[in-house]
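Me: Please take a close look at a single part of this structure. I would like one connected account in plain words.

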Amino acid sequence: MRVLHVPTGTGGNPMSLARAEREIGLESWSIVDQESYFGYPADETLLPLGASRLKYEFYRPQLLVRALRDFDVIHFNAGQTLMPQPMTRATPPYLAGARVLYQGYARLFQQRDLPILKAAGKAIFVTFQGDDARQGTTLIGRPVDILSEVDSDYYTPRSDAAKRRRIERFDRYADGIFTVNPDLFRVLPGRTQFLAYTSVDPRVWHPADPSSPRQRIRVVHAPSHKGIKGTRFVLDAVARLQAEGLAFDFELIEGVLNAEARERYLAADLIIDQLLIGWYGALAVEGMLLGKPVIAYIEDADLSRLPEQMRATIPLIRANPDSITDVLREWLTNGRPALTKRGIESRAFAERWHDPRAIAREVAWHYEMALAKGHSRRGLRREL
């Protein structure tokens, strides 16, 4: 079975899944449009970091030809296909003319590869990973206010409508739809299935050797987007606790490659992931595999579609913007002796639920079922 993962490498998830699929016997290959800012390695990278995105437009038809010629399964990620899609964020005024041209081009070709791939008998899958599907209208009235933490053009009625159209088209053509974030079940089709993060390999990310406790606990926070991750609440809590005289070290990690970030996580005693979205991200998985306790906001209302045992054993320390100061204070004082135990529990949880090979076997089953149904349909058409 030949599987193509395209077109982005969001969070390192698609590339890691492709590698795991190869380990279980699939001929999987990951191609990303541009080199990852965080250094996540792909099997094939089309553009170096910083290169003009315009160059990628020349690769699109080539990728479609390769998908049709060389692969049985096309697994899209981040809610994107091989074709362009219109921009939803504002651009500088001096780019107004270029924007009009690109928007017209993107609307003409957006997701046009889906019916072509389907007609060619390819199995089509897509994984949604966050703001590729998340919509402002579904964030109104949530327990934690995300909308006030992002720019006014981040979630708009126009971008919400565009996301709904893309989701509807995927629902028409895709054999399977996955999400790595439970809150997206609110906006994705009912047949969507949860897929845990595969971005980190437990055989590669190991906890540090046990050592004597440090006098000062080290806390780190590494946001990929400060607004979405609730960074200002983290910084405010840190400032308040330091003003109270609580002795601890804090590091905000930004703009570093994944390998360097990993060394900094290893030096931490406590990691803060996010305080707004309601689920944990790749940072939390990395931290847990390193045996670190992780703080994050978990929205229980979104967890009904997860495996029951997974829901019951989530080891993350829960906090939101209102409680982060108190939660952090507790774990820096009374909870300090329990940090090591919580870290051990976190490692066990990540090994159980974020093993790329186990997830690859689950996904491969869906691939096989989709291809089998496709063969049956084609056989029926030949008989008719």
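Reply: Helices (H or I, at least four residues) and strands (E, at least two) are DSSP runs, numbered from the N terminus. Gly12 sits in the loop between β1 (2-6) and α1 (13-23). The model is predicted, so local features need pLDDT of at least 70 and side-chain atom pairs count only at pLDDT 80 or more, while totals for chains, interfaces and linings use all residues. Residues are numbered from 1 along each chain as its sequence is written, and side-chain values use heavy atoms, leaving out hydrogens and water.

Gly12 has a relative accessibility of 3% and therefore counts as buried (under 20% relative accessible area; over 50% is exposed and in between is partly exposed, with a 1.4 Å probe and protein chains only). Leaving aside residues up to four places away in sequence, Gly12 is in contact (heavy atoms within 4.5 Å) with Tyr40 and Ser199. Between Gly12 and Gly25 there are 21 Å from C-alpha to C-alpha, and they are 13 residues apart in sequence.

Asn258 belongs to helix α9 (residues 258-266). With a relative accessible area of 15%, Asn258 is buried as well.

Next comes the sheet. Its 5 strands run in the order β9-β8-β10-β11-β12, and this open sheet has parallel pairing (a pair needs at least two DSSP bridges). At the edges are β9 (248-252) and β12 (317-318), each pairing on one side only. Inside the sheet, β10 (residues 270-272) is joined to β11 (residues 294-296) by 2 bridges in the parallel sense. Ile272 has Ile295 in β11 as its bridge partner.

Two helices touch this sheet. α12 packs on the sheet and touches β8, β9, β10, β11 and β12, making about 145° with the direction of β8 (axes are lines fitted to C-alpha atoms, for helices over the stretch in contact, and angles run from 0 to 180 degrees between N-to-C directions). α8 lies across β8 (217-221), β9 and β10, at about 160° to β9.

The two helices also meet each other. The axes of α8 (residues 231-243) and α12 (residues 324-332) come within 9 Å and cross at roughly 55°. α8 is therefore oblique to α12 (under 35 degrees is roughly parallel, over 145 roughly antiparallel, 65 to 115 roughly perpendicular, the rest oblique). Phe233, Ala237, Val238, Arg240 and Leu241 of α8 meet Ile324, Thr325, Leu328, Arg329 and Leu332 of α12.
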